[in-house]
Amino acid sequence: MELIYPAGIIILGCVALLLFLQWKNLSRPPCIRGWIPWFGAGFEIGKAPLEFIEKARIKYGPIFTVFAVGKRMTFVTEEEGINVFLKSKEVNFKLAVQSPIYHTASIPNNVFFTMHEKLHTMMKGKLGTSNVYRLTGQLTEELHEQLENLGLHGTMDLSNLVRHLLYPVTVNVLFKKGLFPTNAKKISEFRQHFQVYDEGFEHGSQMPECLLRNWSKSKTWLLALLEKNMPDIKACKSAKDHSMTVVQAMMNIIEMEKNEQNQPNYGLLLLWAALSNAVPVTFWTIAFVLSHPNIYRTIMEDISSVFGAAGKDKIKVSEDDLKKLLLIKWCVLESIRLRAPGIIARKVVKPVKILNYTVPSGDLLVLSPFWLHRNAKHFPEPESFKPERWEKADLEKHAFLDYFMAFGRGRYQCPGRWFALLEIQICVILIFYYYDCSLLDPLPKHSPLHLVGVQQPEGQCRIEFKRRK
Ligand code: HEM
């Protein structure tokens, strides 16, 4: 009897615990966990992550959890979940990105948390709509310089052509004029290391660096380059006028907070943020326009009506000119819509209710701009390149279309978005103004492997360009 009593209590306790766990699981979204402990659905999602998300949505419904490599990611695909993602106080941007930032740029968590708000606010101001247009003249000048190196005609892989233009232009405008190397060997070294760093960024954000030797080498090379050039980057006139670049302002803030040792790391992070999306978006915009002859023709008519016969003079582009070339802006936005980032994420800090489920704290709440942009409810004929759909957006008031989420939304949406749009528009205008262009290969598919950042082309696509007379 003495033995039966405690045994009964233990059994009852176990049953209660089982029931509790079952109830807890019932209230959670359906979970795909694979069969390998800890690794979970890692293999399945790793093979073709974008496709995996959509197949899971079709099978499990508007909210589901994927357990992979020790993490729980809960995907939301419909209005209610999207609203929680964008508006709830129980989900947190900084906690979601802090670990990838530590892995990719070696910025310690305590430094990241103290610096984040100040740096974000500065960038939002300097690259916001009331200041960014000050950079129009410099962007045009820098692009002219790079276009002159292209010669009178040629054939190139379009991705390489865009890198050739945007790497130096972006570095010279955002970091410091003249910082980008002009010597061919150094340029080639920079390009090679940045590409390795960019291509491995997604793995680098999750895996220990020691398993990614080449990637780690390129990261170290870029950090050393930034460290060596830091005194030159920081040498500037005054913090008061607008002559300070974004990176100079950033370094100023970091110095004031006594975190100088992390200046190269922040330089690397901004370099990646500024180039990794803008380069493929420029690629897609040119490729989509050239594969739609009617759109290309209309764009050329618009360009001639603003600047005169294409190719004749060295042109200056103004904010007013850009307003008249609305179709180009629509093409950029439509390209971003179709090739949007695979995912953006927030960390759940307190359990949140979505539909009939409770998402537990500790989960990453994930939203896929790529798939959201393919929902026919919000974007009719979602797979078609239709720049005219952007007529409905109030771009004068700097508003995108509802459910356009390529830059994120809310408090922490991309602070570089207006700069990206400006740079890409001017780049496209100048290429089309000076060169008669055509694609020598069909429009490539996008690589199925990318979740972080906009979609990259799969394989090469050559462009032929001839200088207009
Ligand atoms: C078409 C090009 C671009 C796309 C599609 C893009 C997209 C994004 C997205 C989706 C986020 C995360 C937002 C979220 O989670 O809600 C982000 C963050 C960020 N972007 Fe961009 N971006 C682009 C260009 C740029 C450029 C040119 C810069 C720099 C000049 C930049 C700087 C940043 C920074 C610093 C953050 C992190 C913000 C923070 O930590 O608070 N981006 N971007």
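This is a predicted model: local features need pLDDT of at least 70, side-chain atom pairs count only at pLDDT 80 or more; totals for chains, interfaces and linings use all residues.
**View 1. Ser106, a residue with positive phi in the loop between α5 and α6.**
Ser106 has 17 other C-beta atoms within 10 Å, and therefore it is partly exposed. Look for Ser106 in the loop that links α5 (93–105) to α6. The phi of Ser106 is near 55 degrees, a positive value in a residue other than glycine.

**View 2. Tyr403, in the loop between α18 and α19.**
Tyr403 sits in the loop between α18 (369–372) and α19, and its phi is near 70 degrees, a positive value although Tyr403 is not a glycine. Is Tyr403 buried or partly exposed? Tyr403 has 16 C-beta neighbours inside 10 Å, so it counts as partly exposed.

**View 3. The shell around the ligand.**
The ligand has 24 residues around it, and those that come nearest are Ala273, Asn277, Gly408, Cys414 and Gly416. Which helices supply at least two residues each to this shell? They are α6 (109–126), α13 (263–276), α14 (278–290) and α19 (417–434). Of these, α19 gives the most, with 3 residues. Sorted by class, the shell has 18 nonpolar, 5 polar and 1 charged residues.

Strand β3 (residues 71–76) runs antiparallel to β2, with 6 bridges between them.

**View 4. Helix α11 packed against α13.**
Two packed helices are described by the angle between their axes and the distance between the axes. For α11 (residues 213–234) and α13, the angle is about 120 degrees and the axes are 9 Å apart. The crossing of α11 and α13 is right-handed. On the α11 side, the contact is made by Leu222, Leu223, Leu226, Glu227 and Met230, while α13 contributes Gln263, Pro264, Asn265, Gly267 and Leu268. By class, this contact has 6 nonpolar, 3 polar and 1 charged residues.

**View 5. Helix α12 packed against α13.**
In this view α13 meets helix α12 (residues 246–256), with axes that come within 10 Å and cross at roughly 145 degrees. The crossing of α12 and α13 is right-handed. Val247, Met250, Met251 and Ile254 of α12 make the contact with Gln263, Tyr266, Gly267 and Leu270 of α13. By class, the contact has 6 nonpolar, 2 polar and no charged residues.

**View 6. Gln263, a residue of α13.**
Gln263 takes part in the contact with α11, and also in the contact with α12. Not counting residues up to four places away in sequence, Gln263 touches Met230, Met251 and Ile254. How far is Gln263 from Glu227? The two are 36 residues apart in sequence and 7.7 Å apart in space, C-alpha to C-alpha. With 19 other C-beta atoms within 10 Å, Gln263 is therefore partly exposed.

**View 7. An open sheet of 3 strands.**
The strand order is β5-β11-β10, and the pairing is antiparallel. The edge strands, β5 (153–157) and β10 (435–439), each pair on one side only. From one strand to the next, the twist averages 20 degrees. Strand β11 (residues 462–467) and β10 pair over 5 bridges in the antiparallel sense. For a landmark in that pairing, find Tyr435, which stands opposite Arg467 in β11.

Terms used
Residues are numbered from 1 along each chain as its sequence is written. A residue is near a molecule or strand if its C-beta atom, placed from the backbone, lies within 6 Å of it. Helices (H or I, at least four residues) and strands (E, at least two) are DSSP runs, numbered from the N terminus. Ala, Val, Leu, Ile, Met, Phe, Trp, Tyr, Cys and Pro count as nonpolar, Asp, Glu, Lys and Arg as charged, and the others, Gly among them, as polar. Two strands pair if DSSP finds at least two bridges between them. Axes are lines fitted to C-alpha atoms, for helices over the stretch in contact, and angles run from 0 to 180 degrees between N-to-C directions. A crossing is left-handed if the near helix is turned anticlockwise from the far one by less than a right angle, and right-handed if clockwise. Two residues are in contact if their C-beta atoms, placed from the backbone, lie within 7 Å. A residue is buried if 20 or more other C-beta atoms lie within 10 Å of its own, exposed if 12 or fewer, and partly exposed in between; C-beta atoms are placed from the backbone.
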